[in-house]
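Here is a friendly walk through a structure for you to follow on screen. Have the sequence and the 3D view ready.

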Amino acid sequence: MKVLRFEAKKFFLNKFLVVFFLLLLVCDAGLSVYYVNEKNAANEYIDKTEVEEVFALYLSDREAFMKEFNAISALQSEFVAKGDFSSDEYKAISKKATAFRNVLHHIDYIEKFDKNIDVFIKTAERNKLDYISVGISPDSYLYRYQDSVIEVYSKVKNVKIEFELIKGWDDYFRFSIPNLLIIVYLLIAVPCIVLAEDNTGLKQIIHTTKYGRMRLYNAKYLFCIIISVVTSILFLGLPLLAIYFTTGFSSIHNSVQAIDYFFVNPLPISIGRFLLVSFGVKILAFIGLAAVVMLLSILFRRVTHTFVASLTFCGLSYYLSTITYTNLNSPIRVLNLFFITASEKFFARYLGVNVFGYCVPHYGFTVAVCALFLIAAGIVGGLLFVKFIRMGVMSKKLKIPLKIPVSLRNGVRSWHKRIVVKNLYGYEFYKLLLANKTILIILLFVMIKVLVNDSAYGVGNSFEDEIYKDYMVELEGEMTEEKRQYIREERQRLNEIIAQKSIMDSQFQSGIITSEEYSKYYSQYNVAEIKSKVFFRVEQHAAYIDRMALEGKTAHFVYDTGWNHMFFAEFDFVLFLLFLLLFSGAFADEYRSGFDQLLKSTKKGRDKTFKAKFITCGITALVFTLAFAALDIVYLFNYNYLPAPDAPLVSIERFEAAASCISIQTYAVLMFVVRIVGFMLLYLIITSVSELMRKNITVLGTVTIATILPYMLVKFGLQDAGYISLPGILSATDYFLLSAKAGVIGDFGLLILFLALVTALCALLIRRSYRTFCNL
Amino acid sequence: MKINNLSKSYGSTKALIDFSYEFGKGIYALLGPNGSGKSTLMNIITDNLKPDSGNITWNGVDTLKMGAEFREKIGFMPQNPGMYPAFTVENFLSYIAVLKGVEKKEADKQVAELLEAVELSDVRNRAIKTLSGGMKQRLALAQAMLGNPELIILDEPTAGLDPKQRISIRNYIARTALNRTIIIATHIVSDVEYIAKEIIFLKKGVIADAGAPEALLKKAEGKVWKTIVTSEQVPEYQQKFRILNIQNNDDGIALRILSDEQPTPESVAVPPVLEDYYLLIFGDIL
């Protein structure tokens, strides 16, 4: 306990961790209030206060409710008949009508709840019979899964949903932003806790004491768990307070299924109990994350490397959480950090994980795996912690007994030491890329980039996309009357084939047509069905072209799959991490090693070294940015068909908001330029902050908050955060769309303004860091 | 170099109070216990710290105004200097040479000579992280000498060295003191008593005394005594007098006592050494 107490003391004496925690807590509070107000603000479509009033009317006097609803509906129809959609009166009546419909929908939902759940049960019972008929054993996972569904939803069917409008809870369970803040905090705090002794050089002393090994590790592990729990409770609890003090909550005793997106929540419990369950599951997931970061800290023993590795882990998790799974019950999906902590997704429905043929409820599976992982991480982490195993240093037992000549081995090991470039810039490059064998990590990042590109761009297009491509290539260019005719005829042709199915079915059954004829038709039908679905997209695009024409914009038919890959890819996260790794220590490492005193006492150790650092980092940043962009271009051009580059940009529907008539290829060039500029600004920010903060962990924390946090807030639903999101510039299109929508001095106005602001900020940061480095 | 009325405080703690001194060619020792202001003074001279008041001039010109021109004349060895663990010894010295603006050919020559002088030639291609503490200390000294600086500032240069190495370093410093100013900050009196031209005693940020070693020793004459006692008498003497040294002899315990008057009738006055004077100055705070 004493050792644990000292871990707490060390933590609270670390001003950065405490201030950072409070800062994030304030962010959480602010964002919670902002989110609640946004969700509940009256807009032109709905007013929640009005919905509550209408519901109250339903409860007090149903007759009056129906009378008023009929009157409002009739009035609305009159306006529709007149074609009046823009008057204030119509908007007010529509809002009221929507309120009534919302209430009626909710009442309908409550009244038909058990019938709708019955559908699930009956479907599962039917599936069981089908499985038996095709020979699937009752002992198989598939059969057991249906049994589980029946069992779970039979209990859910019997829950009693109180007759009330849900208030507060539907907003709360969907609010995932605190998860993000918890993750950011743990990524910073856990390495600081684990590596506290490494950072101060006390390791040797501490590890020779009686309790300085296993007991110390246990204390650290326990403390990381405590920090995870406390952080989670506070960050998840604040939004509860925010909602309580703004809109308030409906009854905590109502069944969780009363919330419409928890319609098929598998737990037959009250909202209050569900709140505790979801808290518990989230806290367990965050403790798991802390354990992962702890293991990484012990492995890497350096804060920068740990942070980058942890960020990579989270990035991968997030990426995996966004892909579409064919098997919803996949353990990879069920154990994903972002999936587990998103209550509205994790508990949306029953999932059964296949564990050696048995069907295990996903929540039980997740809890069990997390618990086992925590135990395993505790044991493995402890062993590693005590044995001082570091990355790159193998114990004698692990050495591969190859007979390599000593001179060759020494030569390979020390090749970088032979590089002696005797000028200031040479040494800065050496320190940046070679001295700590960073080049090996860079090569690893390049490999990761290739793998990421391979999975993002290297996947072959689907059959539907090939059909879509054929149609769009056929129609490529401006809309013409011939093309309109083609579209009409093609639709007719497809509809005719599809419409014939029931006739052909009965003709085949009654022997009018042979099986060969029926097979031939059925092939045509299958193709027609797929084509019809795809062709709907083509028709939608034709409608889009007409809509653009009304707005005075010219859109063409363009096969846009490849262009969408190019323009709407996420920002280069791999390059971002590489920049963090390379440049966060540009100045901070001088202070960490204690060399700063000596350095600054030399003739060239101030302004010349300052300039040299910025220039070497700048050249490195530019080389990697261009190299990674080149990799993207190579993959894009190799794996994607990119037709009609001269077509107007608005030919790609997602660029609908663009007002300018630039071509696709012009935009492509501009996009890459903006990305390059964005990454150069990022390097300037990281390098300046490295001098201003002087500690690697504070640099990483600051840059992450300033860049990644706004980006993730957008992903979690806070769209306005996009205006201050640097990753928006790093992807270019994200910010361009915001800029085009805002329409401030054309499509690029806001983008240029943001770039100018960031550039001005960089200039200020560089000036300030120059003054502090040169002791001015 | 002239230091004029330098003062520096850290919050309510006054590290340096109105420090003034003039340094010419030769070795100057700055003696004082931990916390007396030695490192603060070193860091102010090298412009790693800004003083609260006062200035430093070099040949009459303010060193802050000289900027890089002044730093070109300095060789600095801080206390516990940081180095790049992955750099080799030779690489590190070459880098320092670059930072000091030494021409390449001259740098190569000086690096080779210095490695020889500090006995690190055999490990020139070893990474710094593989060196022992003493080797790192000698490397730190070597880098301070690079570029033939006119002013060399050494903060605890012999910390962590064995007696043989300490003598070797001391002799090396003495040899290189010709035509340059060397300031050595230390609390190990024996390092400087034979080589220093002048010794400055720094006590709580203020000059307690300063001057040539011989002149300072004269002030301690008649205040150092030797007396032989039994082991049972030692605690009593420790309570009554300031004991400088306790030595076991065949005929009893020989006590070396610091006292303005003869402590006991049996006591005999002995010639003082600089350490005695150090304790005379700092005895109240040690």
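## Salt bridges within chain A

Arg694(A) pairs with Glu691(A) in a salt bridge whose closest N and O atoms are 3.0 Å apart; the term stands for a side-chain nitrogen of Lys or Arg within 4 Å of a carboxyl oxygen of Asp or Glu. Over all chains the structure holds 41 salt bridges.

This is a predicted model, in which local features need pLDDT of at least 70, side-chain atom pairs count only at pLDDT 80 or more, and totals for chains, interfaces and linings use all residues. Residues are numbered from 1 along each chain as its sequence is written, chains are lettered from A and ligands numbered from 1 in the order in which they are written, and side-chain values use heavy atoms, with hydrogens and water left out.

## Two more pairs to look at

Asp118(A) and Lys122(A) form a salt bridge with their closest N and O atoms 3.6 Å apart. Both sit in helix H6 (residues 113-133) of chain A, four residues apart, which is about one turn of the helix. Helices are DSSP runs of H or I with at least four residues, strands are runs of E with at least two, and both are numbered from the N terminus. An α-helix has 3.6 residues a turn, so residues three or four places apart point the same way. Lys122(A) is partly exposed, at 45% relative accessibility.

Which parts of chain A does the pair Glu197(A) and Lys220(A) tie together? The closest N and O atoms of this salt bridge are 2.8 Å apart. Glu197(A) belongs to helix H10 (residues 196-200) and Lys220(A) to helix H12 (residues 214-246), so the pair connects parts that are 23 residues apart in sequence.

## Chain A as a whole

Chain A has 35 helices and two strands. Its radius of gyration is 31 Å, close to the 28 Å that the globule rule gives for 776 residues, so chain A is as compact as a globular protein of that length. That radius is taken over C-alpha atoms, and the rule is 2.2 Å times the number of residues to the power 0.38. The C-alpha trace of chain A spans about 90 × 65 × 60 Å along its principal axes.

Of the 776 residues in chain A, 51% are buried. Among its contacts (heavy atoms within 4.5 Å) between residues at least 6 apart in sequence, 77% join residues at least 24 apart. For a local example, take Thr561(A), which lies in helix H26 (residues 561-567). Thr561(A) is buried, with a relative accessible area of 12%, and touches Asp465(A) and Tyr468(A), leaving aside residues up to four places away in sequence.

## Where chain B meets chain A

The contact takes 32 residues from chain B and 30 residues from chain A. Together the chains bury about 2800 Å², 58% of it on carbon and sulfur atoms; this is the accessible area (1.4 Å probe) that two parts lose on being put together, summed over both. Two salt bridges are found across the interface. In one salt bridge, Lys603(A) joins Glu72(B), with the closest N and O atoms 3.4 Å apart.

Helix H3 (68-71), strand S6 (74-77), helix H4 (89-99) and helix H5 (104-117) of chain B each supply at least two residues of the side that touches chain A. The largest share, seven residues, comes from H4(B).

## Helix H4 of chain B

How many of the eleven residues of H4(B) are buried? Ten are, so H4(B) is largely enclosed by the rest of the structure. Among the buried residues are Phe92(B), Tyr95(B) and Ile96(B). Their cover includes helix H20 (424-434), helix H29 (596-600) and helix H30 (607-639) of chain A, together with H5 and helix H6 (133-145) of chain B. Just after H4(B), Gly101(B) takes a positive phi of about 75 degrees.

Technical notes:
Buried means under 20% relative accessible area, exposed over 50%, partly exposed in between (1.4 Å probe, protein chains only).
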